[in-house]
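I opened the model and kept notes on what I looked up. The entries follow in the order I made them.

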Amino acid sequence: MGRAKFQKDKLFDLALRSLNRIFALHIVSTNKRMPIIVPKGLPAVERLQQEGIYLLESIPTDARPLRIMFLNIMPVKMATELDFFRALAPSPLYVEMVLTKLSGLTYKNTPQEYMDTFYTDFESLKQQHFDGFIITGAPLDHIAYESVNYWKQISELFTWARTNVRASLYVCWGALAGLYYHFGVQKHWMDTKIAGVYNHTILAPQMPLFKDFHNQFPMPNSRQTEVLRAEIEPIKELQIIAESEETGVTIVSAREGKEIFTLGHLEYELQTLNHEYLRDMAKGIPAVRPENYYIDDEETKGANFTWETSARLFYRNWLHEYVKEQ
């Protein structure tokens, strides 16, 4: 009887989790969508319109959009724009994305003309205030922070954000850099790159960031460095709010959620991990096949978009609970 009751309770719990997941996705997908506002002529407008995601190239007269400074330091800027625009699109709020670059840099993977046309130097924006700030990842795991050629500018921006931005989201290398700059948290090199989709446990379920989440959620990771729980816990300003058995600490909060540092990539669209895997193989560098990603673990069958609901909830909650003035 004991074992039968255990199995019954387990099945009930699984069924309840499935219903909650469906309900949470319904909440996000049925919300009225407001377009994201981007610079006029940005190629992403046409691309996302084909997917049913509509972007605006000017601010409607009756709108007061949330203004987000978007510092995109990934090599292929256009692909990263698409990932984040898709993640932010389900919100029923107007969001203006101010594409931002650092001064004096030249670009190898994105045309300089593209950057000069659609991205604005931080120097020209530093007198303004923003509702939100997002810094992306970058393939800089192997480089010491102070050796990054734009570290001085990044440091200035991180300091500026604390007094000129309501809520900041640091992603992957951006999160590592933010934790190091603000709190002295060191990054540690791992022998093998983490690549794939992993279940993460929420350690602060009361946080508005995790509204409508289960106690566990899937999230892509793609990195070869980590931060250690033992080095974060003594820092009273920091709170570890999500972690995984496979990937360790993955989301850290500071200043009551005004700063969120995530080492994972909920913004990734379905094919991003696959593109990274194929890219590394084509370059002849060690390529780590993404774990828990392909259907039946077979590349030819495509990928499972297991983190889609979590991504939509995460970015909706961040916009509504932290970026938007309460």
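**Entry 1: Glu-267**

I began with the contacts of Glu-267, where contact means heavy atoms within 4.5 Å. Leaving aside neighbours within four places in sequence, I found Glu-267 in contact with Asp-83, Phe-84, Ala-87, Val-171 and Tyr-315. I note here that this is a predicted model, in which local features need pLDDT of at least 70 and side-chain atom pairs count only at pLDDT 80 or more, while totals for chains, interfaces and linings use all residues. Residues are numbered from 1 along each chain as its sequence is written, and side-chain values use heavy atoms, with hydrogens and water left out.

I placed Glu-267 in the loop between strand 12 (259-262) and helix 8 (272-283). Helices (H or I, at least four residues) and strands (E, at least two) are DSSP runs, numbered from the N terminus.

Buried means under 20% relative accessible area, exposed over 50%, and partly exposed in between (1.4 Å probe, protein chains only). A salt bridge is a side-chain nitrogen of Lys or Arg within 4 Å of a carboxyl oxygen of Asp or Glu.

I did find a polar contact of 2.7 Å between the side chains of Glu-267 and His-265. The term covers a pair of N or O atoms within 3.5 Å; within protein, one must be able to donate a hydrogen and the other to accept it, and residues adjacent in sequence count only if both atoms are side-chain atoms.

**Entry 2: Ala-87**

I moved to Ala-87, which sits in helix 3 and is buried, with a relative accessible area of 9%. Not counting residues up to four places away in sequence, Ala-87 touches Glu-267 and Tyr-315. I also looked up Ala-87 and Ala-311: they are 224 residues apart in sequence and 6.4 Å apart in space, C-alpha to C-alpha.

**Entry 3: salt bridges**

I read off a count of 23 salt bridges. Arg-67 and Glu-96 form one of them, with the closest N and O atoms 3.3 Å apart. Arg-67 lies in strand 3 (residues 66-71) and Glu-96 in strand 4 (residues 95-101), so the pair ties together parts that are 29 residues apart in sequence. Arg-67 counts as partly exposed at 22% relative accessibility, and Glu-96 is buried at 16%.

Asp-83 and Arg-86 meet in a salt bridge of 3.8 Å, N to O. They are three residues apart in helix 3 (residues 77-88), so about one helical turn separates them. Asp-83 is buried at 7% relative accessibility, and Arg-86 is buried at 18%.

Glu-325 forms a salt bridge with Arg-166, the closest N and O atoms being 3.7 Å apart. Glu-325 is in the segment after helix 9 and Arg-166 in strand 7 (residues 165-171), so this pair ties together parts that are 159 residues apart in sequence. Glu-325 is exposed at 60%, and Arg-166 is partly exposed at 29%. I also traced a network in which salt bridges that share partners join Arg-47, Glu-51, Asp-83 and Arg-86.

**Entry 4: core and helix 9**

Which residues touch the most other members of the largest nonpolar core? They are Phe-85, Phe-133, Phe-210 and Trp-318, out of 102 residues. Helix 9 (residues 308-323) gives this core its largest share, eight residues. A nonpolar core is a set of buried Ala, Val, Leu, Ile, Met, Phe, Trp, Tyr and Cys residues joined through side-chain atoms within 4.5 Å.

Leaving out residues up to four places away in sequence, I listed the contacts of Trp-318, among them Ile-68, Phe-133, Ala-167 and Leu-209.

**Entry 5: helix 5 and totals**

In helix 5 I noted buried residues including Trp-151, Ile-154, Phe-158 and Trp-160. What covers the buried residues of helix 5 includes strand 3, strand 6 (130-135), strand 7 and helix 6 (173-183).

Last, I looked up the totals: the protein has nine helices and 12 strands, and buried residues make up 52% of its 326 residues.
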